[in-house]
Amino acid sequence: MSEAGRKRSLAGKLRRFAVVGLANTTIDLATFTLMLKLIGMPFVSNMVAWCVAVIFSFAANSLWSFDRDREKPIAHSFLQFVSLGALTSLGVSNLSIAVLAGSIGVWPAKLIALVIIATLNFAAAKWSIEGKLREGSRGVGE
């Protein structure tokens, strides 16, 4: 059976999600560093880095990590992915910077946020891309 026709196991999805997450984190941190050097504004730098990283993450996870729900329009999946990402990753990273940067510095605050975000984003990506949270289920209430 072809790769496209075969359903991935949860363990396979987790492994692929982790690889995409590492690449995504590298992209996020590189963009954050560049923007911080260029404009010196942590929150604006964080927003730009998040936008670049979320576009990469959606594309990579839709094409490689998860079994995308082909009945759901891709624009709908992307909107859910971005919305959930804004609530989880952008919200957590901005909150971490706001609360922790003064006491431990911007970089440690950003890195703490990345650890928390990884867990939240797996559930959000699975739901927005596959249309389900658990294996064998459809949607949130089913």
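R16 sits in helix α1, which spans residues 10-39; helices here are DSSP runs of H or I with at least four residues, numbered from the N terminus. The model is a predicted one, so local features need pLDDT of at least 70 and side-chain atom pairs count only at pLDDT 80 or more, while totals for chains, interfaces and linings use all residues. Residues are numbered from 1 along each chain as its sequence is written, and side-chain values use heavy atoms, with hydrogens and water left out.

R16 has a relative accessible area of 18% and is therefore buried, the label for anything under 20%, with exposed meaning over 50% and partly exposed in between (1.4 Å probe, protein chains only). Its side chain reaches the backbone oxygen of W64 at 2.8 Å.

Salt bridges come next, taken as a side-chain nitrogen of Lys or Arg within 4 Å of a carboxyl oxygen of Asp or Glu. That rule gives four of them. One joins E130 to K13, with the closest N and O atoms 2.8 Å apart. This pair ties together distant parts of the chain, as E130 belongs to helix α4 (residues 106-130) and K13 to helix α1, 117 residues apart. Both partners are buried: E130 is at 2% relative accessibility and K13 at 1%.

E130 also pairs with K126, and here the closest N and O atoms are 2.4 Å apart. K126 and E130 are both in helix α4, four residues apart, or about one turn of the helix. K126 counts as buried because its relative accessibility is 2%. Put together, K13, D67, K126 and E130 form a linked network of salt bridges.

Another salt bridge runs between D28 and K110, the closest N and O atoms being 2.8 Å apart. It too links distant parts of the chain, with D28 in helix α1 and K110 in helix α4, 82 residues apart. D28 is buried at 8% relative accessible area, and K110 is buried at 1%.

V44, in helix α2, has a relative accessible area of 35%, so V44 is partly exposed.

Definitions and conventions
Helix = DSSP H or I, 4+ residues; strand = E, 2+ residues; numbered from the N terminus. Polar contact = N/O pair within 3.5 Å; in protein donor to acceptor, adjacent residues only side chain to side chain.
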